[in-house]
Amino acid sequence: KSFVVTPKADEANAREAMTGAGLTLQYTRGHRYVGGFVGSAASEDAWITPQVDVWVKAVHSLADVAVRHPATAYTALVWRLQAEWQYLCRVSPRAGPLLAPVEKALRENFIPTLFGQRTMKMNDDTRRLYTLGVKQGGLNIRNPAEGATGMHIASETAAEILVESLMGGAELDLQHHQQCVRKAGAIARKLRADAASAFVTKLKRSCPKAERKWLERIG
């Protein structure tokens with residue numbers, strides 16, 4: 001068995017109590033659990049960082065693919081690779097800032113290459129536009145360094161019935177759980193759509209007439 005403790009005082013008390021009870025345990029500062037992490041912040045950072053390095057290399061590799069096969073590279077990023085770090089954001093609310101190198105690779109390499117412009121420079125508004133769904137004129141390429149907290153809260157809300165069942169030792173009401181998941185998903189999607197609509201509306205007011213018409217046609 002493993003017993004996770006963080007503060008040193010708690011660890012000393014735990015060791016004394018377990019030794020007195022005749023139990024031999026393995027102590028650790030943190031451990032991977034159900035796709036997430038339980039333990040100290042430092043241990044969690046050390047667990048996330050190697051994954052970030054892997055994703056950065058993968059983004060650069062897909063950028064190389066995008067030179068000749070942009071549609072294939074785009075599909076691989078949005079439907080496969082992006083899902084991995086979005087899942088991490090849902091189970092680890094601290095992950096967002098640590099994913100900044102992934103966003104840098106997307107912004108400086110993948111997206112410019114997707115448009116055939118390796119030297120392309122984009123401002124913050126343009127990058128924000130590309131995070132939106134296609135109906136809002138975007139590419140659905142999310143900024144991995146943003147939105148982690150919101151995703152975590154949505155996942156917590158969706159799991160409320162399941163957690164209550166586990167904590168209380170009661171039988172899971174599957175129908176009620178599924179309703180909770182659907183409701184949480186619908187609320188999260190509406191909040192995201194409303195935020196996207198507000199941003200596009202603001203962008204229309206400040207951009208040139210030609211770009212405004214382009215955004216209106218896409219919508």
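Let's start with Lys190 and Asp194, whose side chains meet in a salt bridge, 2.9 Å from N to O. Bear in mind as we go that this is a predicted model. Both residues sit in helix α9, which covers residues 174-206, and because they are four residues apart there, about one helical turn separates them. Asp194 has 41%, so Asp194 counts as partly exposed.

How many salt bridges are there in total? The count comes to seven.

The next pair is Arg94 with Asp45, a salt bridge in which the closest N and O atoms are 2.8 Å apart. This one links distant parts of the chain: Arg94 is in the loop between α3 (70-91) and α4 (95-98), while Asp45 is in helix α2 (residues 41-66), 49 residues apart.

Now please look at Arg127 and Glu103. They form a salt bridge as well, and the closest N and O atoms are 2.8 Å apart. Arg127 belongs to helix α6 (residues 124-131) and Glu103 to helix α5 (residues 100-114), so this pair ties together parts that are 24 residues apart in sequence.

In general, two packed helices are described by the angle between their axes and the distance between the axes. For α5 and α6, the angle is about 95 degrees and the axes are 12 Å apart. The two helices are therefore roughly perpendicular to each other. Which residues make the contact? On the α5 side we have Glu103, Leu106, Arg107 and Ile111, and they meet Asp124, Arg127 and Tyr130 in α6. By class, this contact of α5 with α6 has three nonpolar, no polar and four charged residues.

Ile111 is found in helix α5 and is buried, with a relative accessible area of 0%. What does Ile111 touch, leaving aside its neighbours within four places in sequence? The contacts are Leu106, Met122, Arg127, Tyr130 and Ile141. For a sense of scale, Ile111 and Asp10 are 101 residues apart in sequence, and 48 Å apart in space, C-alpha to C-alpha.

Helix α5 has another partner to show you, and that is α3. These two pack at an angle of about 165 degrees, with their axes 11 Å apart. That makes α3 roughly antiparallel to α5, and α3 passes α5 in a left-handed crossing. The residues that meet are Pro70, Ala73, Tyr74, Leu77 and Trp85 from α3, and Val102, Leu106, Phe110 and Leu114 from α5. What classes do they fall into? The contact of α3 with α5 has nine nonpolar, no polar and no charged residues.

Helix α6 also reaches our opening helix, α9. The two pack at an angle of about 145 degrees, with their axes 11 Å apart, and α6 passes α9 in a left-handed crossing. Asp125, Arg128 and Leu129 of α6 make the contact with Ala195, Phe199 and Leu203 of α9. The residues of that contact divide into four nonpolar, no polar and two charged.

One last stop, and it's a backbone detail. Most residues other than glycine have a negative phi, and most peptide bonds are trans. Asn140 has a positive phi, near 65 degrees. Where is Asn140 placed? Asn140 is in the loop between α6 and α7 (148-158). With a relative accessible area of 21%, Asn140 is partly exposed.

That's my tour, and I'm happy to go back to any of these spots with you.

Note on methods:
Residues are numbered from 1 along each chain as its sequence is written. This is a predicted model: local features need pLDDT of at least 70, side-chain atom pairs count only at pLDDT 80 or more; totals for chains, interfaces and linings use all residues. Side-chain values use heavy atoms; hydrogens and water are left out. A salt bridge is a side-chain nitrogen of Lys or Arg within 4 Å of a carboxyl oxygen of Asp or Glu. Buried means under 20% relative accessible area, exposed over 50%, partly exposed in between (1.4 Å probe, protein chains only). Axes are lines fitted to C-alpha atoms, for helices over the stretch in contact, and angles run from 0 to 180 degrees between N-to-C directions. Angles under 35 degrees count as roughly parallel, over 145 as roughly antiparallel, 65 to 115 as roughly perpendicular and the rest as oblique. A crossing is left-handed if the near helix is turned anticlockwise from the far one by less than a right angle, and right-handed if clockwise. Contact means heavy atoms within 4.5 Å. Ala, Val, Leu, Ile, Met, Phe, Trp, Tyr, Cys and Pro count as nonpolar, Asp, Glu, Lys and Arg as charged, and the others, Gly among them, as polar.
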